[in-house]
Amino acid sequence: MRATFTPEQREIADAVTSLAAGESSSARDALSDPWRAPGCDGPLLRDFGLLGVPESAGGIGSSLIDLLVAVEALGRRLVPSRFPAHAAAVQLLCGDDARTDPLPGEVLDGRRVLTPAVDVPGTPGWADRVSPDPLVRTLVPYAAQADGVAVLGPAGVWIADPAGSTARQSFDPSVPLADLTLSPPERVVPAGAGARRATLVVAAELCGVAQGAIDLAAEQARTRQQFGRVIGSFQGVAFPLAEAVTARKAAWDLTLYAAWAVDNGRPDAEIQVHAAKAAAGRAAVFAAERCIQVHGGMGITMEADPHLFLRRAFVLDARSGRGSWHRRRTGELRIQARRTVPA
Amino acid sequence: MRATFTPEQREIADAVTSLAAGESSSARDALSDPWRAPGCDGPLLRDFGLLGVPESAGGIGSSLIDLLVAVEALGRRLVPSRFPAHAAAVQLLCGDDARTDPLPGEVLDGRRVLTPAVDVPGTPGWADRVSPDPLVRTLVPYAAQADGVAVLGPAGVWIADPAGSTARQSFDPSVPLADLTLSPPERVVPAGAGARRATLVVAAELCGVAQGAIDLAAEQARTRQQFGRVIGSFQGVAFPLAEAVTARKAAWDLTLYAAWAVDNGRPDAEIQVHAAKAAAGRAAVFAAERCIQVHGGMGITMEADPHLFLRRAFVLDARSGRGSWHRRRTGELRIQARRTVPA
Amino acid sequence: MDFDDSGSDLAFRQEVGSWLDEALRDVPDQEELSQSDREHWSRVWQDRLCAGNWAGLSWPVAHGGRGMDALAQAIFNEEAAVRGAPYPLNGVGMMLAGPTIIAHGTDEQQARHLPGILRGTEYWCQGFSEPGSGSDLASLRTAATRVDGGWRINGAKIWTSNAHNASRCLLLARTDPDAPKHRGITYFLAPMDGFTVRPLEMINGDTEFNEMFLDDVFVPDADVLGGVGNGWTVALTTLAFERGSMALNLWVWARQAVDRVVDLAVARGLADDSAFVDTVGALQCDAEAVRIGSMRMLGESRAGGVPGPETSALKSLWAGVVQNANRLAVQLDEAGGVLLDGDGAAARMRRYLRARAHTIEGGTEEVQKSILAERVLSLPRSR
Amino acid sequence: MDFDDSGSDLAFRQEVGSWLDEALRDVPDQEELSQSDREHWSRVWQDRLCAGNWAGLSWPVAHGGRGMDALAQAIFNEEAAVRGAPYPLNGVGMMLAGPTIIAHGTDEQQARHLPGILRGTEYWCQGFSEPGSGSDLASLRTAATRVDGGWRINGAKIWTSNAHNASRCLLLARTDPDAPKHRGITYFLAPMDGFTVRPLEMINGDTEFNEMFLDDVFVPDADVLGGVGNGWTVALTTLAFERGSMALNLWVWARQAVDRVVDLAVARGLADDSAFVDTVGALQCDAEAVRIGSMRMLGESRAGGVPGPETSALKSLWAGVVQNANRLAVQLDEAGGVLLDGDGAAARMRRYLRARAHTIEGGTEEVQKSILAERVLSLPRSR
C-alpha cells in the first residue's frame with residue numbers, strides 16, 4: 001500500500017520498542033559512570049544488522065526505511081546503544097549502486113562494530129566536500145568502543161583503523177565522542193549515496209528523541225497540578241506542545257520520504273536528505289527545550305530527565321553535518337532548481 | 001525626572017488623543033472615496049507644528065519626543081491626517097546642528113504643508129546612500145495634497161517642487177502615495193540627523209498603530225464568546241496578544257530612547273534609530289496580524305477594522321527605509337562596534 | 001513504505017494529465033484574473049468536469065460515479081492544481097453534498113439530487129457556520145420550528161462559499177432547543193428559495209463568501225437528511241469529507257507559494273542573500289512535509305484507517321508555510337509590497353491577504369492545536 | 001523625557017566606578033571559575049560590600065543605610081555588572097530580607113536583624129517555593145502548628161538559593177489550614193537550626209539552588225513578621241522588592257550575551273553572514289529594549305509610581321534575548337557546541353543551559369504572559 005508502513009516495518013518497530021523497554025541501562029547512567037554497552041546492544045547489532053542494507057552490499061533487500069524505523073524507536077528512549085552509529089557506518093559504506101562486493105560478514109552480523117566519521121573539524125558539512133582531505137575527523141561516536149571506523153572523504157569511503165584517537169568531552173556522555181586522525185587510505189570505494197544514507201540514520205534517531213521528549217512533556221502536563229488544574233489544561237502549556245508534535249511529524253515524514261527517495265535513486269534525493277536532517281534537528285531541540293519548560297523548576301535539575309533529551313538532540317544535530325548547514329543546503333538547492341526553470 | 005514623560009508631554013498626548021477621538025473622518029473613508037483632509041488636519045498643522053523643532057530651525061526648544069508623543073496618539077486611531085508626514089518633512093529639514101536660518105514661518109505654522117521624500121525606487125534604504133542621485137523618489141505620502149516636498153539626497157536636504165508626480169495605488173488608501181521626479185536642486189543644506197529624525201516620526205506612528213491594533217484585539221477578546229466563555233480567557237488567544245504587548249512596548253521604548261539620543265547627539269544615535277524603526281514595523285505588522293486572527297472570520301472582511309491597521313502598518317514599515325533594511329543595519333552596526341573592541 | 005504511484009496509478013495520472021492539458025488549453029492563468037472572470041472560468045470548468053465524467057470520480061458506480069478511490073481523486077486534484085486549473089464552481093456539491101447524501105440519504109433523496117450534481121445542474125452551498133458560532137459550531141442558533149409538512153426556519157449563516165450560485169444548501173438548524181447542544185440539531189437539504197444572500201467582501205477585495213439570512217424559510221420534511229435530531233452526526237460526516245478533500249491538494253498551493261517567492265527573489269537579485277536562503281530552507285521543509293504528510297494520510301485512509309488528528313498538524317503546517325511565504329513575497333517586493341500598481345504587486349498582496357484566512361477557515365489554528373493537544377497528547381480539554 | 005544621568009547621578013556613578021575598579025582589582029573573571037571558586041569570591045565580595053558601606057545603599061539612614069534611592073542602587077548594580085563583579089553572597093539579606101523587615105518588622109526585629117545584614121554576619125535565604133507549588137505560590141502546604149511559645153513547622157521548600165550558607169530564612173508557612181488559601185499563611189523570620197538542606201544539581205552542573213526539609217522545626221513567636229495570617233501581604237512586599245532588584249541589572253546580562261555571540265562570530269569569521277547579521281539586529285533590538293525599559297521603570301518608581309505589569313514584558317523580553325543569544329553561541333561553536341573540552345565551549349554550554357531557567361525562575365514565561373493579559377489587556381483570568 002502506498003505511503004504506509006509495511007507489516008514488517010511495524011514488526012520491526014514493535015520488536016525494537018520491546019527491546020528498548022526492557023533495557024535497564026539508560027542515558028542517565030553515563031552521567032556518573034563511563035559508558036557501558038547496554039544489554040540490548042548485542043541483540044541489536046546481531047539481529048538487526050541487515051536492516052537497510054542493499055543486496056549489492058550483502059543485504060537481503062531490506063529498505064532503508066526498515067532501518068530508520070528501528071533507530072527511531074531507540075531514539076525515543078535514548079537507548080545508549082552503539083547500534084545507530086554502527087548502522088550509520090554500514091549505510092555510509094553501501095551508498096554506491098554499482099557496488100559488487102558485499103560488506104564483510106562480521107560487520108553485517110555485528111561481530112565487528114563500526115562507527116561513522118563524516119565530520120571535519122571546523123567545517124559544518126560533510127567531509128566529502130573538504131578537499132584536500134585533512135585526514136582528521138571529529139564528532140565520531142563510540143570511537144573507543146568500536147572495532148573500526150567507516151570514513152567519508154572526498155575520494156570516497158573506506159574502513160579505517162585510526163592512526164590516532166582523542167576522546168573528547170561529549171555533551172551527552174551516553175554518546176562518547178572522539179577526534180580521529182587517519183592515514184591516507186589504501187583503497188576507497190565510491191561513496192555514492194553513502195553520506196545521505198548515514199545522515200538519515202541520524203535524522204531518524206533525532207525524530208525518536210523528539211518523540212520521547214514530547215511523550216515525557218505530555219506526561220508531565222497530564223499530571224502536574226497548578227492553580228487546581230493539571231497544567232496541560234492550560235492552552236499556554238498545551239499549544240507549544242502541539243507545535244512540537246507538528247514539527248516532529250514534519251521531520252519524521254521528511255525523513256521517511258528522503259529514505260525512499262535515496263533508496264530509489266530519485267533526483268530530489270539530495271534536497272530531501274538535507275531537509276530531513278535540518279527538520280529533525282530542529283524538532284528535537286525544540287521538543288527538548290519545551291520538555292524542560294513544561295517541567296518548570298524540576299526541568300532544570302539533573303535529577304529530572306528532560307536534559308537527557310536535550311543532550312542527545314544537540315549531539316545528533318551537530319553530527320553528520322550540522323543542522324544549520326543542512327537547512328542552508330536545502331535553501332540553496334531549492335533556489336538553484338528554480339533558477340533552471342523557465343520563468 | 002529621569003526617563004519619565006514630562007507633564008508637557010502628557011498634555012500633548014492628551015490633547016492629540018482628544019482631537020483624534022473627536023475626529024469623524026477615518027482611515028475607512030478612503031476605501032471608498034478619495035482622501036480628504038480630516039477635520040483635525042488644520043488644527044494639528046497649525047497648533048502642533050513647532051513640536052520637535054530645534055531652536056536652530058525656528059523652534060522653541062521642544063524635544064523630538066514631544067512630537068513623537070503626538071504622532072503616536074494619531075497612529076493609534078489611524079487618523080488620516082497629513083500631520084505626521086508634514087512633521088517628518090520638517091524633521092528631515094532640521095537635522096543639521098549647525099543650521100542658522102530658521103525654516104520658513106509658513107511651514108512651521110502649517111500654512112505650507114510639506115511631505116518627505118526619502119526613499120529611492122528599488123533600494124531598501126535612505127536616499128542619502130544612493131549616489132549619484134537618480135532624482136526620483138517613491139513612497140511619498142500625500143504628494144498631491146502637499147504644497148512642497150522635503151527631499152533627502154546624498155548631497156543634503158532641500159525643499160522642492162517636484163518636476164513630475166505619479167500617483168501610485170497605495171495599499172492604505174488613507175495614505176496616498178506617489179512617485180516623484182525632481183530637478184537637480186539649486187541649493188541643499190546638510191542633512192545632519194534629518195533622516196534619523198524623520199524616520200523616528202514614522203516609527204512613532206507605527207508604535208501607535210501597534211497599540212491601536214492591540215486595543216481593538218483586546219476588546220474583541222473581552223467580548224466575543226465561544227464555548228461558553230469569552231475567548232480572551234483562553235491562553236491560546238491571550239498569550240499571543242501578550243506577545244504583541246511586549247513587542248510594542250519594546251518598539252516604543254526604543255523609539256523614545258532613539259529620539260533622545262538623536263536630540264542629544266549621542267554616539268549611539270544611528271543604531272538606535274535603525275533599531276527603533278525595525279522594531280516598530282515588526283510590532284505593528286505582528287499586532288495587526290494578531291488582531292485579524294483574534295477576530296476570526298470577521299477579521300478577514302472589509303467591514304471589520306483590523307485590516308485598516310494592517311494596511312497602515314505595511315505602508316509605514318515600507319517607508320523611510322524598509323523594516324528589513326533597518327534590522328540589518330542594526331546588526332551591521334552592532335557587529336562593527338564589537339570588531340573595534342579589544343577582544 | 002513506498003511513495004510511488006503504482007502502475008495503474010501512474011496510468012491514471014497520465015490519463016488525467018492528458019485530459020487536463022487539453023481541457024485547460026484555452027483557460028487563462030487564474031491568478032491574474034478579476035474575481036468575476038475567475039468565477040466565469042469556475043463555471044466553465046465545472047461544466048467541463050461534468051462533461052468529462054470527472055464530477056463523480058470517487059463516487060460509487062451505483063450512484064453514477066466512477067467508483068475510484070481517494071487516491072484517484074487526489075491524483076486528479078493534484079494534477080489540476082499543478083496546472084493552475086480553476087476551482088470547480090460546484091465543489092461543495094461534488095465533494096460534500098454528494099458523498100453525504102450517499103452516506104445518509106434515502107433512495108428518494110439520492111435519486112432526487114445525485115444526478116443533478118453529476119450533470120452540473122444543481123449547485124450546492126454549505127450552511128453550517130453562524131455569526132455567533134465559529135469554532136464552536138454546535139452552539140448554532142438557527143431555529144427550525146415544526147409546521148405542517150415540514151419546518152419553518154429562522155436564523156443567519158455566514159462564510160457560505162458560492163451561496164449566490166447555489167440552489168440547494170446543506171443546512172444545520174436547531175430543531176429541539178431543549179436538548180443538549182449536540183442533540184437538538186437537524187440536517188436539511190434545503191432549497192434556497194427564500195434565502196437572502198449577501199456577499200461578504202474580504203480584505204483582499206474578493207467576495208468568495210456570503211452571509212445568508214433565513215426569515216421564515218419553509219423546508220419540507222422530505223429534505224431532512226438522516227433523521228430529525230441526528231444532524232450533528234451527519235454533519236460530522238460532511239466535515240470528515242471536507243477535511244479529506246482539503247488535504248488532497250493543499251500541498252500544491254504550499255509548493256506554489258514557495259516557488260513564487262523564490263522566483264521573485266531570483267528576479268530581484270536577492271536569492272543569494274544567506275538570510276533568504278535559510279528562510280527558503282525552512283519553507284521548503286514545511287512545504288514538503290505537507291506534501292508527504294498528505295500522501296501518508298491518503299495511504300492510511302486507503303488502507304482502511306481513518307485520518308487521525310495528525311491532519312491538524314498538516315493543516316497547521318500548511319497555513320504557516322503559505323502565510324510566511326506570501327508575507328515574505330510582499331516584503332521582498334520593490335516597495336515593500338505597498339504600491340499595488342507595481343508589477344505583480346496586487347496579486348502578491350491579494351495572496352498575502354487571502355492567506356491570513358488560512359489560520360481561521362477550515363478550523364482555526366487554535367482549534368487545530370486543541371485537537372493535537374487533546375487527541376495526540378491526551379491532554380485534558382482546554383475549551 | 002531624559003535618559004541622562006543628572007549631575008549628581010553622574011558623580012555617584014563615578015564614585016561607584018572608582019571604588020569598584022579598586023575593589024575588583026584582584027577578582028578573576030567569574031565566568032571561567034568553578035562553582036566553588038565563584039562561591040568563594042561571592043563571599044569575599046559580600047564582605048567588601050559591607051566593609052565599603054554599600055550593603056544598605058538604598059536602606060533608610062535610620063536603619064543604618066545610606067538612604068539613597070532605587071536609581072542609586074541601579075547605578076551601583078549596573079556598574080558592578082558591567083565589570084563582571086561577583087554576585088554578593090547575601091543578596092537575599094540586602095535586597096529582600098532587610099527591606100521587608102524595615103517595611104513590616106517590629107523595632108525589636110529590626111534591631112535584631114538589620115545590623116547583622118549590614119555587617120555581613122547574618123546570611124538569609126528565601127523559603128517561599130515548594131515542590132508542589134511553583135507558579136501557584138499561594139497553594140503552599142508547609143504547615144505551622146501552634147505550640148507553646150511559637151510554632152512547630154513541617155514541610156519542604158525548594159529553589160532556595162544560598163540555603164547552605166544562610167542562618168536565617170524568610171519562611172512562608174500555613175498557620176490556618178481552614179482559611180482561604182491567601183489568608184492562612186504566616187511569614188516567619190526563621191532560624192535555620194533544624195532545617196535539612198540538600199543541594200539541587202542543575203543541568204549545567206551548578207548547585208546554586210537547594211531543597212530544604214523542615215521536620216518539626218520550632219520557630220518562636222518573636223519571629224512572626226507582620227502578624228499571624230498576614231503572610232501573603234508581607235510576601236507580596238518581598239516579591240515586589242525581588243522584581244525591583246531583578247530589573248536593576250538584567251539588561252547588562254542581555255547586552256553581555258549579545259556581545260559574546262558577536263565576538264564569537266567575529267572570531268570564527270562568520271560575522272558577515274547576512275543571516276547572522278539579521279539575527280544580531282533582532283537581538284540588539286530586544287536587548288536595548290530591556291535596558292531602556294528598565295530605565296523607564298526606574299524612572300516611574302522614582303517619580304512615585306509603582307512598577308506596573310509592563311515589568312512582565314521586560315522579564316519576558318530579557319529571558320528571550322538571553323536564551324536566543326546563548327543558544328546561537330552554542331550552535332556557532334566549531335562542533336555545534338557539543339564538544340565541551342573545546343575552547344570556551346563548556347562555558348558557552350553552561351550559559352545556554354543556565355538560561356533555560358530564565359523562562360521558569362522569577363515567575364515563569366506563562367505567568368508573565370498571564371499578567372500582561374490580565375493587567376494590561378484586561379482579559380479575564382485564565383488560570
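A: A cut-off first: a residue is called buried when its relative accessible area is under 20%, exposed when over 50%, and partly exposed in between. Also, this is a predicted model.

Q: Good. With that cut-off, is A:Lys249 buried or exposed?
A: A:Lys249 has 15% relative accessibility, so A:Lys249 counts as buried.

Q: Which side chain does A:Lys249 meet in a salt bridge?
A: That of A:Asp253, at 2.8 Å, N to O. A:Asp253 is buried too, with a relative accessible area of 0%.

Q: Where do A:Lys249 and A:Asp253 sit in helix α8 of chain A?
A: They are four residues apart in that helix, so about one helical turn separates them.

Q: What does A:Arg329 pair with?
A: The side chain of A:Arg329 forms a salt bridge with that of A:Glu270 (3.2 Å, N to O). This pair links distant parts of the chain. A:Arg329 is in helix α11 of chain A and A:Glu270 is in helix α9 of chain A, 59 residues apart.

Q: Switching to the interface. How many residues do chain A and chain C put into the contact?
A: Chain A gives 48 residues and chain C gives 54 residues.

Q: What area is buried between chain A and chain C?
A: About 4600 Å², with carbon and sulfur atoms giving 63% of that. On the chain A side, A:Arg2, A:Ala3 and A:Arg334 lose the most area to chain C. Together they make up 18% of what that side buries.

Q: How many salt bridges are there between chain A and chain C?
A: The count is 10. One pair is A:Glu243 and C:Lys369, whose side chains meet in a salt bridge at 2.9 Å, N to O. There are also 18 residue pairs in polar contact between chain A and chain C, counting pairs with both residues at pLDDT 80 or more.

Q: Which helices of chain A supply at least two residues to the side that touches chain C?
A: α1 (7–21), α7 (194–223), α8 (235–263), α9 (269–294) and α11 (323–339) each do. The largest share comes from α8(A), with 16 residues.

Q: Which residues are linked with A:Arg2 in a network of salt bridges?
A: C:Asp5, C:Arg13, C:Asp21, C:Glu78, C:Glu79 and C:Arg83.

Q: How many salt bridges over all chains?
A: A search of the whole structure finds 124. Another is within chain C: C:Glu374 with C:Arg381, the closest N and O atoms being 3.6 Å apart. C:Glu374 is buried, with a relative accessible area of 17%.

Q: Staying in chain C. What should helix α2 (residues 35–51) span?
A: Its 17 residues should span 24 Å at 1.5 Å a residue. The end C-alpha atoms are 24 Å apart, which agrees.

Q: Which residues of α2(C) are buried?
A: Among them are C:Trp41, C:Val44, C:Trp45 and C:Leu49. The cover over the buried residues of α2(C) includes α1 (7–23), α3 (70–82), α4 (91–104), α5 (107–119) and α9 (345–356) of chain C.

Q: What happens just after α2(C)?
A: C:Asn53 takes a positive phi of about 65°.

Q: Which peptide bond in chain A is cis?
A: The one from A:Ser131 to A:Pro132, with omega near 5°. A:Pro132 is in the loop between β1 (114–117) and β2 (136–141) of chain A. In chain B, the bond from B:Ser131 to B:Pro132 is cis, with omega near 5°.

Terms used
Residues numbered from 1 in each chain as written. Chains lettered and ligands numbered in written order. Predicted model: local features only at pLDDT ≥ 70, side-chain atom pairs only at ≥ 80, totals over all residues. Heavy atoms only, no water. Contact = heavy atoms within 4.5 Å. Buried area = accessible area lost by both parts, 1.4 Å probe. Salt bridge = Lys/Arg side-chain N within 4 Å of Asp/Glu carboxyl O. Polar contact = N/O pair within 3.5 Å; in protein donor to acceptor, adjacent residues only side chain to side chain. Expected span 1.5 Å × (residues − 1). Buried < 20%, exposed > 50% of the residue type's maximum accessible area, 1.4 Å probe, protein only.
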